[in-house]
Amino acid sequence: MQTASVTRYVLVAGEASGDILGANLIASLKVLQPDAIFEGIGGPLMAEQGLQSMVPMDRLSVMGLVEVLGRLRELLAIRKNLYQNCIDSPPTAFIGIDSPDFNLPLARKLKQAGIPTVHYVSPSVWAWRQKRIFKIKKSVDLMLALFPFEMPIYHQHDIPVVCVGHTLADEIPLQSDTQSARKSLNLAPTDAPLFAILPGSREGEVSRLMPLFAQTMALIKQQNPQVNFIIPAANSARKRQIKQILDELSLQAEIIDNKSRTVMAASDAILLASGTAALEAMLVKRPMVVSYRVNKLTYWIMSRMIKVPYVSLPNLLSNESLVPELLQDQATPENLAKQLLETWKSFVDDESIQQKYLDLHKMLKKNAGEVGAEAIISMLADKTAGKA
């Protein structure tokens, strides 16, 4: 059993975007609490900051209502072990980072056991499954939200919430230099257009999207032979997977290990899977087309539950169709190729879109890790004072 003087956080992140947020938060907590200990589940960035990970993060990386069923037993076992670890040795706080379907039920049980709980990244209660707000209220002592439009629903239900902005907005400069990015990737100087292709970081995403994106690349190459392609691979397994799909269509592309942000900054236009990558593309100020495909049953269920007109963060933040979204049946090679070429050609001359990107960037630039760390420590201090 830990002594009362030890500050120990248990954090759980389930994917690469959560690893970025978690690493930034840990770094800020360490500044304020140098002796703090960090355990749980995270990726390489959180490990660099000192997190002792109990399970490889990729064991939690599964997406889709249907897809998760095949992994349910393993996920439940991991969550049970985390719960028991926290009960046997209660942490100063439990911090779930995104992955709400995994983290919130765990947080609820831990809160019931008297352990302070934080959730970092608001679930999309403003978009779908809105009744989750009642479960969230029973699960968390503090919500760290990324975006201003997420705040009202928490205020409405008297749930403590702080808008921290996004760590990517803090890290990415307001102006990204294309040539510097290309130089850092050791790309040969050229005037030919360079399109970045981002099919996602999970095996399932790449298997669904990369064949579609590869066919799109082939059509673009037919229509504009000068275009070259660059693709970041999240790890060696994804690199092999991407290369195999490209080889089947005899397509050439520069595949880069990791460095997705630098790849985007080096590009002239981006085709990407919906998710955090769309926010990153907006922050590096590049024209993009957002696309996604999921299991047909998953899409049928979700399309009837979603209450907002957009899926990509640039559009949700601006509350308008700032970037094209081609999803599910609309996501055909022909549609994607046509839209990406049009978006690329129009972006340079459209100063209004560039200004909107910049305004959104400034809105999200809040020093997320510092704001989040201070909010957590303040919440813990209030709880301690309440017990005194």
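**Helix packing, cores and loop residues**

Leu75, Ile78, Arg79, Leu82, Tyr83, Cys86 and Ile87 in helix H3 meet Asp101, Phe102, Pro105, Leu106, Lys109 and Leu110 in helix H4, where contact means heavy atoms within 4.5 Å. By class, this contact of H3 with H4 has 10 nonpolar, no polar and three charged residues, with Ala, Val, Leu, Ile, Met, Phe, Trp, Tyr, Cys and Pro counted as nonpolar, Asp, Glu, Lys and Arg as charged, and the others, Gly among them, as polar. The model is a predicted one, in which local features need pLDDT of at least 70 and side-chain atom pairs count only at pLDDT 80 or more, while totals for chains, interfaces and linings use all residues. Residues are numbered from 1 along each chain as its sequence is written, and side-chain values use heavy atoms, with hydrogens and water left out.

H3 covers residues 72–88 and H4 residues 100–112, and the two pack at an angle of about 30° with their axes 10 Å apart; helices (H or I, at least four residues) and strands (E, at least two) are DSSP runs numbered from the N terminus. Axes are lines fitted to C-alpha atoms, for helices over the stretch in contact, and angles run from 0 to 180 degrees between N-to-C directions. H3 and H4 are therefore roughly parallel to each other, given that angles under 35 degrees count as roughly parallel, over 145 as roughly antiparallel, 65 to 115 as roughly perpendicular and the rest as oblique.

Helix H9 (residues 203–223) packs with helix H15 (residues 333–347) at an angle of about 55°, their axes being 8 Å apart, and the pair is therefore oblique. The residues of H9 that meet H15 include Leu212, Phe213 and Leu219, and those on the H15 side include Leu336, Ala337 and Leu340. By class, this contact has nine nonpolar, three polar and one charged residues. H9 also packs with helix H10 (residues 236–248), at an angle of about 35° and with axes 9 Å apart. Among the residues in this second contact are Val206, Met210 and Met217 of H9, which meet H10 residues including Ile242 and Ile245.

Turning to the cores, the largest nonpolar core has 81 residues, and those with the most contacts inside it are Tyr9, Leu11, Ile95, Tyr120, Leu279, Met288 and Ile376. Such a core is a set of buried Ala, Val, Leu, Ile, Met, Phe, Trp, Tyr and Cys residues joined through side-chain atoms within 4.5 Å, and buried means under 20% relative accessible area, exposed over 50%, and partly exposed in between (1.4 Å probe, protein chains only). A second, separate core of 33 residues includes Phe213, Met217, Ile245 and Trp344.

Serine 274 lies in the loop between strand S11 (269–273) and helix H12 (276–283), is buried with a relative accessible area of 19%, and, leaving aside neighbours within four places in sequence, is in contact with Val290, Ser291, Tyr292 and Val311. Most residues other than glycine have a negative phi. Asparagine 258, in the loop between strand S10 (254–257) and helix H11 (260–266), has a positive phi near 55° and counts as partly exposed at 44% relative accessibility. Glutamine 328, in the loop between strand S13 (325–327) and H15, has a positive phi of about 50°, and at 8% relative accessibility glutamine 328 counts as buried.
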